[in-house]
Amino acid sequence: MRRGASAALTALLACLLWACEHRELVDDSNLRYVRVYLDEDIRNVTYGFYDETKERPAYQTPRGVCVTLCNPASGEVTAQKNLTEGGRDERGSYLHGHIYAKPGIYNLIAYNYDTEATHIADDDSYQRMTVYTNPIAESLKSRLQSIKAEEEPYTRTGEVRYEPDHVFVASAEGICLERTAESDTLRTLNREPLVARSVTKTYYMQVNVKGAEHVHSAVAYITGMSGAIRLHDRSMVPEMESSIYFGLQNGLTKTRSGKDTHVAYASFNTFGKLPNVEGYIEITFEFNTTDGKVQTEKIRVTDLFETPQVKEQQWIIIDKTIEITPPETPESTGGLGPGVSEWEQVEGEITI
C-alpha cells in the first residue's frame, strides 16, 4: 500500500509540474487513448430475474459513450470526445478511442448517450452534470383517472415521469496526464481501468389479479422515486421526487396449492427510492376493462422496501389480490382468455 501511495504521489507531483507548461491542445503528445469497459451485470435484466418464464426487459449494449475531462477546481469541461468504436476482451465489452488533452490533472466522467427517454442536463459542469427523465406527456397524463381524482392524504405522487433507460457511468477524480511521446492511456488515479456501471435500477413487480379476462390494458406508477441523479457521485436529486410510470403485463403463476393464477407484472426502471420517503411508497394500478371503464387500485409497498427481497434482489412481490369487477352486461367482450400471456400496452409519446 505504501509503495502504491508513493508512486501515486510521485505521479501527481510530476503532473503538477507538466501542468504549468503551455502546449497546444492539438499537439500529438497530447493524444490520449481511452477505453471504457461496460459492466453489463444488471439485476433483473441480464441476471437475477424473478421468473424466467415471464417476459424480460429488452437490453442492448450501449453504442457510444461520451468521455469528458473537467477542471478539478472549477468543474469546467476542458475536453470531450464521443467514443463509438467497440470491442471485447477478457474483461468484457468496451468502447474506446482517443481524446486530445493537455498535461494536467483532471476529473473524468464517461456516460452513454444512446438513450431515448433519458437526458443529460448541465453537461458543461462536473459537479452539476445530471441525468433525468421527462414528465409523461399531457395526453397520457389526462388518461390517468387516479390523478384526476382527489388523492388520499398520505399520497405524494410528485411529477409522474417516464422510466429511465439504463445509463452507464464511469467517473474518476485526480487523473494525472503527463507529457509523453506515446499515446497515453487514461486510467483511474490507482491505475485501474475505467469501468462504467448503470446508475439505473430495474425492479420486478408482481401482484395477483382475479378477473384478468375482463382487462384489455393496464398501467401503473410508483411513488417516492428519484427523477434525476448526479453523475459524478451517483447521488439522487431530492427536489426531483417523482412517480415512475410503466405498463403492466398479464401472466400466469402457480399458487401454493399448484393452481394457475393470473398476475399483473412488470419490470420497470428507476434511479432509486429517495431516502426520505419511508412512509408513503405506493403503487397505483389502473386497469382498463372490456366494458370501457377504468378500475383504480392503490397498494402501499413501504414495508416491502425494507425487506431483503426488495433491497437485495429488487423483487416487489405483493401478497395481495386485486379483484377486477366483471362487466355489467354479458355482451361486453374483448378481454383476454386464460391462455393469453400479456395485455395490450398503453403507449404514450416521449418528449425529446
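Two strands are taken to pair if DSSP finds at least two bridges between them. In this predicted model, strand E13 (residues 201-210) and E21 meet that condition, pairing in the parallel sense over seven bridges. At Lys 210, the bridge partner in E21 is Glu 323. Both strands belong to an open sheet of four strands, in the order E17-E18-E13-E21 and with mixed pairing. The edges of the sheet are formed by strand E17 (249-254) and strand E21 (315-323), each of which pairs on one side only. On average, and with direction ignored, neighbouring strands of the sheet are turned by 35° against each other.

Nonpolar residues were examined next. In soluble globular proteins, nonpolar side chains tend to be buried together. The largest nonpolar core in the model has 28 residues. Those with the most contacts inside this core are Met 205, Ile 222, Leu 248, Ile 283, Phe 285, Phe 287 and Ile 316. Two or more residues each are given to the core by E13, strand E14 (215-226), strand E16 (241-247), strand E18 (260-270), E19 and E21. The largest share, five residues, comes from E14. With residues up to four places away in sequence not counted, Ile 316 touches Tyr 203, Tyr 204, Met 205, Gln 206, Ile 222, Phe 268, Ile 283, Val 301, Leu 304, Phe 305 and Val 310.

Asp 39 has a relative accessible area of 24% and is partly exposed. Arg 197, at 46% relative accessibility, is also partly exposed.

A salt bridge is also found between the side chains of Glu 282 and Lys 298, at 3.9 Å from N to O. Glu 282 is in strand E19 (residues 282-289) and Lys 298 is in strand E20 (residues 294-300), so the parts tied together here are 16 residues apart in sequence. Glu 282 has 0% relative accessibility and counts as buried, whereas Lys 298, with a relative accessible area of 25%, is partly exposed. The side chains of Arg 128 and Asp 124 meet in a further salt bridge, with 3.8 Å between N and O. Arg 128 is partly exposed, its relative accessible area being 45%, and Asp 124 is partly exposed at 46% relative accessibility.

Cysteines were then searched for covalent links. A disulfide is a covalent bond between the sulfur atoms of two cysteines. The search of the whole structure finds zero disulfides. For Cys 66, the nearest cysteine sulfur is that of Cys 70, 9.6 Å away. Likewise, the cysteine sulfur nearest to Cys 70 is that of Cys 66. Cys 66 is buried, at 5% relative accessibility, and Cys 70 is buried at 0%.

How values were computed
Residues are numbered from 1 along each chain as its sequence is written. This is a predicted model: local features need pLDDT of at least 70, side-chain atom pairs count only at pLDDT 80 or more; totals for chains, interfaces and linings use all residues. Side-chain values use heavy atoms; hydrogens and water are left out. Buried means under 20% relative accessible area, exposed over 50%, partly exposed in between (1.4 Å probe, protein chains only). A salt bridge is a side-chain nitrogen of Lys or Arg within 4 Å of a carboxyl oxygen of Asp or Glu. Axes are lines fitted to C-alpha atoms, for helices over the stretch in contact, and angles run from 0 to 180 degrees between N-to-C directions. A disulfide is a pair of cysteine sulfur atoms within 2.5 Å. A nonpolar core is a set of buried Ala, Val, Leu, Ile, Met, Phe, Trp, Tyr and Cys residues joined through side-chain atoms within 4.5 Å. Contact means heavy atoms within 4.5 Å.
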